[in-house]
Amino acid sequence: MSADGLKQRRKVQPNLIKADEEPAKEVEDADSDGSSGQPDDDKATRLTLMEQILLLGLKDREGYTSFWNDCISSGLRGCVMVELALKNRIELEKSGMRKKGLLSRKVLLKNDQPTGDVILDEALKHIKETQPPESVTSWIEYLSGETWNPLKLRYQLRNVRERLAKNLVEKGVLTTEKQNFLLFDMTTHPLYNCDLKHKLINVRRFNECMDFFFVLMRFFSLPFQSLFERFKFYFQQVQEAVLARWTNDVHRMDKRVLSLLILAHASDVLENAFAQLSDQDYELAMKRVRSLLELDYNVEGEKKGNSCTDVMWAVFEAFSK
């Protein structure tokens, strides 16, 4: 009987190991295309960093960004660079023996395969065709059209906000209207799907999510890691990232959420996400955001960085100047 028992264990154990390895592989695949943390059944409403920043900046009823916000244009171009890096399309050159700073290193093409996003593919094409390579700071300037070099104006990404708004209309997040501004008519995009923006700003209550999580786990007998990764999206949004799910180790934060926080601040739309917080929570949230902004990104990039995430740190460094 004992011998049979040992044989049975040998048969079961590899299956258990294989079952545990499959969810981990799924997580790695999700991270490679920059969509980690979002549910598989929510593909229609997956938002890029650019779309999330625009959604935070849009006025819900009016359907346009503030006329006084002159930061969101360059902020969206920074999102383009980070998004391409998270999708493993671009990287920074090696720092070399001289340990070049992030802003001194050039952006290199890693993979020219289309991403499926028109704006990202347009930027990727420009990076591919440019020789010699340029730095992250230069690319943010070129893509936003803020350069004195007339030969580089062809790199400008035009009508980015309007194109992003149309993407959000197609995803059912916004709608399209015409508004009269006395001297001219303007196409606006008021908020249509309020739930999605509420998820972006303030996720579901942690206890409710955990109750739902364990009910599903018990009912479907799904592996813990697979189910946790599937519903991780609901825990990792703007307010919760700096409150309930805050961590003092920046390298333990989800790269997409970290980018959303810093680039939302660079685009001057982060205040919109914190508007409904109590005074105490607002003070705590802003204190933690400031701690992220005061980091030495060159040092952080050397700790656990790679050539792709170095682009992310370089974008942060460019906006900290």
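Contact here means heavy atoms within 4.5 Å. The model is predicted: local features need pLDDT of at least 70, side-chain atom pairs count only at pLDDT 80 or more, and totals for chains, interfaces and linings use all residues. Residues are numbered from 1 along each chain as its sequence is written, and side-chain values use heavy atoms, with hydrogens and water left out.

Start at Thr 48. This residue sits in the loop between helix H1 (2-32) and helix H2 (49-57). Helices are DSSP runs of H or I with at least four residues, numbered from the N terminus. Thr 48 has a relative accessible area of 11%, so it is buried. Buried means under 20% relative accessible area, exposed over 50%, and partly exposed in between (1.4 Å probe, protein chains only). Neighbours within four places in sequence aside, Thr 48 touches Glu 83 and Asp 117 by the contact rule. Thr 48 and Asp 117 lie 69 residues apart in sequence, yet 9.2 Å apart in space, C-alpha to C-alpha.

Glu 83 leads on to a salt bridge. Its partner is Arg 256, with the closest N and O atoms 2.9 Å apart. The pair links distant parts of the chain: Arg 256 belongs to helix H11 (residues 255-266) and Glu 83 to helix H3 (residues 72-86), 173 residues apart. Both Arg 256 and Glu 83 are buried. A salt bridge is a side-chain nitrogen of Lys or Arg within 4 Å of a carboxyl oxygen of Asp or Glu. The count by this rule is eight.

Another salt bridge joins Glu 134 and Lys 152, at 3.5 Å from N to O. Glu 134 lies in the loop between helix H4 (118-129) and H5, Lys 152 in the loop between H5 and H6; they are 18 residues apart. Glu 134 counts as buried because its relative accessibility is 14%. Lys 152 is buried too, at 16%.

Glu 300 is buried at 8%, whereas Lys 303 is exposed at 52%.

Turn now to helix H5, which holds Ser 144. With 8% relative accessibility, Ser 144 is buried. Sequence neighbours within four places aside, Ser 144 is in contact with Ser 73, Ser 74, Arg 77 and Gln 156.

How values were computed
Helix = DSSP H or I, 4+ residues; strand = E, 2+ residues; numbered from the N terminus.
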